[in-house]
Amino acid sequence: MQPLRISLLQGATRWHDAAANRACYGALARSLKGQSDLLVLPETFLSGFTNETLGNAETMDGEGLRWLRDLARESGATITGSLVMREGDRCVNRLIWMRPDGTFAQYDKRHLFRMAKEHERYAGGNERLTVELNGWRICPQVCYDLRFPVWLRNRYDRTANRFDYDLLIFVANWPSARRHAWRTLLQARAIENLSYCVGVNRVGVDGNDLHYSGDSAALDFLGQPLVELGAQEQVVTVTLDPAALVAHRERFPAWMDADEFVITP
């Protein structure tokens with residue numbers, strides 16, 4: 001692994017206004033050209049977290065994905081965040097992992113936030129995604145997934161001689177009313193998985209009058225903050241040190257005492 005420059009793009013997502021969001025997040029991303037390896041946007045960054053899915057959904061051959069591909073090429077960095085995507089008669093909350101060369105990976109949010117009836121309007125995914133960047137293995141997730149540690153457990157593959165991942169990422173629309181849970185769970189996921197952990201949330205007020213206080217953060221494997229953002233639009237870049245991670249895993253090999261289990265679809 002090489003040191004990894006990761007940028008947290010904490011924006012005030014405009015409600016149901018994809019054009020305005022492309023302008024906002026596009027400007028933030030282009031300002032980082034040549035300065036970062038990975039740009040992380042919030043959940044549903046082109047629409048806001050909406051249950052009006054049909055009117056705000058993108059398609060895999062639509063403008064949103066084309067824009068994201070162009071933006072990754074222009075910025076010279078991998079970009080990730082989630083979009084409302086329509087496939088036939090169903091919609092998914094889909095995280096896109098877009099590389100500068102135009103190739104991409106995708107992950108459909110598994111855990112749907114029933115308190116906002118997300119489970120009634122979206123279909124859930126059942127395959128966890130692991131991607132590689134600069135020698136790092138990275139597991140990107142979406143918002144409510146943060147509350148489910150079994151799904152997120154970082155296991156050691158003795159055959160391949162490696163962990164599932166080195167960095168756990170959450171893109172989110174996490175309201176300020178539950179900010180204590182957000183901050184606490186990010187710390188817990190970093191500590192228990194012997195991994196760096198990054199969470200990128202939005203700020204402002206959405207069309208449902210929900211307030212978002214940001215609180216985006218990058219944490220080390222001890223749950224200690226490397227950077228913490230406030231409640232305003234903000235972009236911060238932090239460099240993750242692979243040597244420190246490797247040393248901690250050797251010094252504190254809690255993974256050797258972990259329970260074995262199987263996750264069913």
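**Close-ups of aromatic rings**

Tyr156 is partly exposed, with a relative accessible area of 23% (buried is under 20%, exposed over 50%, partly exposed in between, using a 1.4 Å probe and protein chains only). This is a predicted model, where local features need pLDDT of at least 70, side-chain atom pairs count only at pLDDT 80 or more, and totals for chains, interfaces and linings use all residues. Residues are numbered from 1 along each chain as its sequence is written, and side-chain values use heavy atoms, with hydrogens and water left out.

**View 1. Tyr156 meets Phe163.** There are 10 aromatic pairs in the structure (rings of Phe, Tyr and Trp, the last by its six-membered ring, pair if their centres lie within 6.5 Å; planes under 30 degrees apart are stacked, over 60 edge-to-face, the rest tilted). The ring centres of Tyr156 and Phe163 are 4.9 Å apart and the planes sit at 70°, so we call this pair edge-to-face. Phe163 is buried, at 10% relative accessible area.

**View 2. Tyr196 meets Phe221.** Here the centres are 5.4 Å apart with planes at 70°, so this pair is edge-to-face. It links distant parts of the chain: Tyr196 is in strand β11 (residues 196–200) and Phe221 in the loop between β14 (217–219) and β15 (225–228), 25 residues apart (strands are DSSP runs of E, at least two residues, numbered from the N terminus). Tyr196 is buried at 3% relative accessibility, and Phe221 is buried at 7%.

**View 3. Arginines over rings.** The charged end of Arg249 sits over the ring of Phe163, 4.0 Å from its centre (NZ of Lys or CZ of Arg must be within 6 Å of the ring centre and within 35 degrees of the ring normal). Arg155 lies over the face of Phe261, 4.3 Å from the ring centre.

Note on methods. Helix = DSSP H or I, 4+ residues; strand = E, 2+ residues; numbered from the N terminus.
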